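Here's a quick briefing for anyone opening this structure for the first time. Take a look at it, then follow the notes below topic by topic.

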Amino acid sequence: QVQLVESGGGLVQPGGSLRLSCAASGTWSRIHTMGWYRQAPGKQRELVATVTMSGSTNYADSVKDRFTISRDYAKNSVYLQMNSLKPEDTAVYYCNIRAIVNMALNDYWGQGTQVTVSS
């Protein structure tokens, strides 16, 4: 199957920056999208940013102009550069890959990495 390993979370002051990384391993026929979601305490998981195989990106309105998603398909990796972080960005961030495995389109998730923005 597919495994995702995330890294890069931590504690940062408001206005600071963090870079999240996610590396995928396993077997798939094709990746549709790679992306990041987040879940704050007491809230539903929400989309942060996604990138397609062709490089098209999609961002949540709350992170536009502050976060940048990028991918390295040769390394099966996706990254999230987070700048100008705000306390409301505090959440567990999950890497996601939507891929075709055994002729079915499936979502795969990382274990999550905590991002805390606080002074």
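Start with the cysteines: Cys22 counts as buried, at 1% relative accessibility. Keep in mind that this is a predicted model. From that cysteine we'll move on to the charged pairs, the strands, the core and the aromatic rings.

**The disulfide**

- There is one disulfide in the structure, and it joins Cys22 to Cys95 with the sulfur atoms 2.0 Å apart.
- Cys22 belongs to strand β3 (residues 18-26) and Cys95 to strand β9 (residues 91-101), so the pair ties together parts that are 73 residues apart in sequence.
- The link of Cys22 and Cys95 is left-handed, with -80° about the S-S bond.
- Is Cys95 buried or exposed? Cys95 counts as buried, at 0% relative accessibility.

**Salt bridges**

- Side chains of opposite charge can pair when their charged atoms come close.
- How many salt bridges does a search of the whole structure find? The search turns up five.
- One of them brings the side chains of Arg38 and Asp89 together, at 3.0 Å from N to O.
- Arg38 sits in strand β4 (residues 30-39), while Asp89 is in the loop between β8 (77-82) and β9, so this pair ties together parts that are 51 residues apart in sequence.
- Both Arg38 and Asp89 are buried; for Asp89 the relative accessibility is 1%.
- Asp89 also forms a salt bridge with Arg66, where the closest N and O atoms are 2.8 Å apart.
- That pair links distant parts of the chain, 23 residues apart: Arg66 is in the loop between β6 (57-59) and β7 (67-72), and Asp89 is in the loop between β8 and β9.
- Arg66 is buried as well, with a relative accessible area of 10%.
- Step back and you'll find a network of salt bridges linking Arg38, Glu46, Arg66 and Asp89.
- Elsewhere, the side chains of Arg98 and Asp107 meet in a salt bridge, at 2.9 Å from N to O.
- Arg98 is partly exposed, with a relative accessible area of 32%, and Asp107 counts as partly exposed too, at 34% relative accessibility.

**Strand β11 and its partners**

- β11 pairs with strand β2 (residues 10-12) in the parallel sense, over three bridges.
- Within that pairing, look for Leu11, whose bridge partner in β11 is Thr116.
- β11 is also joined to β9 by three bridges, and these two strands run antiparallel.
- Here Tyr93 has Thr113 as its bridge partner in β11.

**The nonpolar core**

- The largest nonpolar core has 32 residues, and Trp36, Leu80, Met82 and Tyr93 touch the most other members.
- The elements giving two or more residues to this core are β1 (2-7), β3, β4, β5, β7, β8, β9 and β11.
- Which element gives the most to this core? That would be β9, with six residues.

**The aromatic pair**

- A pair of aromatic rings is described by the distance of the centres and the angle of the planes.
- The structure's count comes to one aromatic pair.
- Tyr37 and Trp109 make up that edge-to-face pair, at 5.1 Å centre to centre and 75° between the planes.
- Tyr37 is in strand β4 and Trp109 in strand β10 (residues 104-109), so the pair ties together parts that are 72 residues apart in sequence.
- Tyr37 counts as buried at 16% relative accessibility, whereas Trp109 is partly exposed, with a relative accessible area of 37%.

**A look around Thr50**

- Thr50 is found in strand β5 (residues 46-52).
- At 13% relative accessibility, Thr50 counts as buried, because buried means under 20%.
- Leaving aside its neighbours within four places in sequence, which residues is Thr50 in contact with? They are Met34, Gly35, Tyr37, Ser56, Thr57, Asn58 and Ile69.

Notes: Residues numbered from 1 in each chain as written. Predicted model: local features only at pLDDT ≥ 70, side-chain atom pairs only at ≥ 80, totals over all residues. Heavy atoms only, no water. Disulfide = S-S within 2.5 Å. Helix = DSSP H or I, 4+ residues; strand = E, 2+ residues; numbered from the N terminus. Buried < 20%, exposed > 50% of the residue type's maximum accessible area, 1.4 Å probe, protein only. Contact = heavy atoms within 4.5 Å. Salt bridge = Lys/Arg side-chain N within 4 Å of Asp/Glu carboxyl O. Pairing = 2+ DSSP bridges. Core = buried A, V, L, I, M, F, W, Y, C linked by side-chain atoms within 4.5 Å. Phe/Tyr/Trp six-rings, centres within 6.5 Å; stacked < 30°, edge-to-face > 60°.
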